[in-house]
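Visitor: Hi, I'm new to this one. Could you show me around?
Guide: Happy to, let's bring it up.

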Amino acid sequence: MDSSTAAALAYEAVGDQLAPVYVDTGLMRKGETEGIRETFAYMDSLRIVDARERFLDELAGITDPEAKRHAIGEQFIREFETVAREVDADSLVQGTIYPDRIESEGTIKSHHNVGGLPDVMDFEGVVEPMRDLYKDEVREVARALDLEEVVSERMPFPGPGLAVRIIGEVTEEKLAVAREANHVVEEELEEYDPWQALAAVIGKATGVKGDNRVHGWVVAVRSVESRDGMTARAQDIDWETLQRIQSRVTGENENVARVLYDVTHKPPATIEYE
Ligand code: XMP
């Protein structure tokens with residue numbers, strides 16, 4: 001939502017001088033690339049870069065959350081540099097918002113688009129038109145720009161995407177589980193109007209599928225209320241809804257053995273898992 005709003009804002013300001021780029025990292029939500037293509041159909045020059053394999057390669061073997069963010073931040077920049085060379089652009093416009101900077105400047109974590117940036121970048125300038133805004137203020141900008149509701153009202157999704165909803169190494173198999181489970185959770189919890197609802201692949205445990213014991217994935221479901229993401233409260237979700245999520249997530253993926261619901265507020269937990 002932040003980068004979409006930044007792109008729309010920049011387009012309003014400089015029109016065709018903007019080279020809008022969507023990097024398909026493979027870490028995004030189900031249907032995200034198609035959604036972006038539709039939302040920004042009015043920008044003739046939109047480029048969609050298929051970088052899925054490159055991101056997976058860069059993330060191979062990395063288990064530390066901060067190292068993951070840095071690998072993702074670095075690869076994002078390399079992708080943008082490649083396009084910038086092609087179109088002869090000298091500045092990068094980013095959708096960084098105030099909480100990203102605060103959390104990166106402190107000791108909490110480095111956001112992929114702030115502390116996660118490489119030291120050397122082939123750009124003369126980085127333009128961050130929303131660097132002083134909170135999320136609810138970004139929504140107001142998005143509405144003022146007449147962006148579709150799927151953009152302005154959609155729940156926040158982290159730049160490093162599903163990578164911070166997978167504990168440990170990011171693999172194609174875990175990504176597939178996380179992508180489908182996040183889709184189910186977003187659908188089933190829509191009526192609760194959460195600030196964020198998500199599913200994370202947190203490890204493996206034993207289960208029984210059919211007549212066999214399996215060592216399958218454990219998926220944690222989280223749904224929180226918040227104003228700005230800095231603090232959050234775990235939502236009270238009714239049992240039937242949780243059971244429906246459990247049944248869909250274990251039913252749709254034979255390698256998922258368990259589904260848990262996370263009742264922890266922020267603090268002490270964070271919203272994301274890494
Ligand atoms: P946490 O997990 O720190 O998340 O409680 C607070 C808010 O920030 C989002 N988030 C991120 N957004 N890059 C982003 O663009 C990141 O690296 C990142 N990590 C967390 C998270 O989804 C929540 O809205």
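This is a predicted model: local features need pLDDT of at least 70, side-chain atom pairs count only at pLDDT 80 or more; totals for chains, interfaces and linings use all residues.

Visitor: Okay! Where does Ser152 lie, and what is it in contact with?
Guide: Ser152 is part of helix α7. If we set aside neighbours within four places in sequence, Ser152 is in contact with Met1, Arg139, Ala142, Arg143 and Leu147.

Visitor: Switching to charges, how many salt bridges does the structure hold?
Guide: There are 26 salt bridges in the structure. As background, side chains of opposite charge can pair when their charged atoms come close.

Visitor: Which residue forms a salt bridge with Glu186?
Guide: Arg29 is one partner of Glu186, with the closest N and O atoms 3.4 Å apart. Glu186 is in helix α8 and Arg29 in the loop between β1 (21–24) and α2 (32–39), so this pair ties together parts 157 residues apart in sequence.

Visitor: And is Arg29 buried or exposed?
Guide: Arg29 counts as buried, because its relative accessible area is 10%.

Visitor: What about Glu74, which residue does it form a salt bridge with?
Guide: That would be Arg78, and the closest N and O atoms of the two are 2.8 Å apart. Both residues sit in helix α4 (residues 65–87), 4 residues apart, or about one turn of the helix. Glu74 is partly exposed at 34% relative accessibility, and Arg78 is partly exposed too, at 26%.

Visitor: What else does Arg78 touch?
Guide: Not counting residues up to four places away in sequence, Arg78 touches Pro118 and Val120.

Visitor: New topic: where is there a patch of negative charge?
Guide: The patch is on the surface, where Glu190, Glu191, Asp193, Asp236, Asp238 and Glu240 gather. Glu190 is in the loop between α8 (172–188) and β5 (196–209), and Glu190 counts as exposed, at 61% relative accessibility. Asp193 lies in the loop between α8 and β5 and is exposed as well, at 64%.

Visitor: What is phi of Asp193 near?
Guide: Phi of Asp193 is near 45°, a positive value in a residue other than glycine. Asp88 has a positive phi too, about 65°, although it is not a glycine. Asp88 is in the loop between α4 and β3 (91–93), and at 71% relative accessibility it counts as exposed.

Visitor: Last one: which residues does a cis peptide bond join?
Guide: Lys266 and Pro267 are joined by a cis peptide bond, with omega about -10°. The peptide bond from Pro267 to Pro268 is also cis, with omega near 10°. Pro267 is in the segment after β8 (256–261), and Pro268 is in the segment after β8 too.

Definitions and conventions: Residues are numbered from 1 along each chain as its sequence is written. Side-chain values use heavy atoms; hydrogens and water are left out. Patches are made of residues with over 30% relative accessible area and no salt bridge: like charges are joined within 9 Å, nonpolar side chains (Val, Leu, Ile, Met, Phe, Trp, Tyr) within 5 Å. Accessible areas come from the Shrake-Rupley method with a 1.4 Å probe; for residues, only the protein chains shown count as cover. A salt bridge is a side-chain nitrogen of Lys or Arg within 4 Å of a carboxyl oxygen of Asp or Glu. Lys and Arg count as positive and Asp and Glu as negative; His and the chain ends are not counted. The place of a charge is taken as NZ of Lys, CZ of Arg, CG of Asp or CD of Glu. Helices (H or I, at least four residues) and strands (E, at least two) are DSSP runs, numbered from the N terminus. Buried means under 20% relative accessible area, exposed over 50%, partly exposed in between (1.4 Å probe, protein chains only). Contact means heavy atoms within 4.5 Å.
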